[in-house]
Amino acid sequence: MLVSNPVFAGMFAARAVAAATRLAAILATPIHSAVRRHRIRRTADLLAGLDDRLLADIGLRRSQVTSIAMEVVDRPYVDPRRVSM
């Protein structure tokens, strides 16, 4: 589609950019969720692989593994021992 009027061309370009931005947001949401779930699962698996004594040494209980994994993935600079349970 060729728009010869500069005013209409600018409006068309702005709408195209807005549509592309909305489409990118729609596509990014499920991808972001899948990546987040993968990171949580991987972190929980790593923590679950530690024995109870090592978990206790770092201030965690086995029952906290999944919730700590979610906290660490969502806020990577949080000290897991400071998360209130």
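Surface patches are made of residues with over 30% relative accessible area and no salt bridge; like charges are joined within 9 Å, and nonpolar side chains (Val, Leu, Ile, Met, Phe, Trp, Tyr) within 5 Å. Accessible areas come from the Shrake-Rupley method with a 1.4 Å probe, and for residues only the protein chains shown count as cover. The model is predicted: local features need pLDDT of at least 70, side-chain atom pairs count only at pLDDT 80 or more, and totals for chains, interfaces and linings use all residues. Residues are numbered from 1 along each chain as its sequence is written, and side-chain values use heavy atoms, with hydrogens and water left out.

Start with the overall build. The protein chain has three helices and zero strands. Its elements run α-α-α from the N terminus on. Helices (H or I, at least four residues) and strands (E, at least two) are DSSP runs, numbered from the N terminus. Of the 85 residues, 14% count as buried. Buried means under 20% relative accessible area, exposed over 50%, and partly exposed in between (1.4 Å probe, protein chains only). The accessible surface of the chain comes to about 6800 Å². Carbon and sulfur atoms account for 62% of that surface.

Now look at helix 1, residues 6-48, where Ile26 has its place. Ile26 is exposed, because its relative accessible area is 58%. Together, Leu23, Ile26 and Leu27 make a nonpolar surface patch of about 310 Å².

Turn to the charged pairs. A search of the whole structure finds three salt bridges. A salt bridge here is a side-chain nitrogen of Lys or Arg within 4 Å of a carboxyl oxygen of Asp or Glu.

One of them joins Asp74 and Arg36, with the closest N and O atoms 2.7 Å apart. This pair links distant parts of the chain: Asp74 sits in helix 3 (residues 65-74) and Arg36 in helix 1, 38 residues apart. Asp74 has 43% relative accessibility, so Asp74 counts as partly exposed. Arg36 also counts as partly exposed, at 29%.

Arg62 and Asp52 form another salt bridge, at 2.7 Å from N to O. Arg62 lies in the loop between helix 2 (52-57) and helix 3, while Asp52 lies in helix 2, ten residues apart. Arg62 is partly exposed, because its relative accessibility is 37%.

Glu71 pairs with Arg75 in a salt bridge, the closest N and O atoms being 2.5 Å apart. Glu71 is partly exposed at 24% relative accessibility. Arg75 is partly exposed too, with a relative accessible area of 46%.
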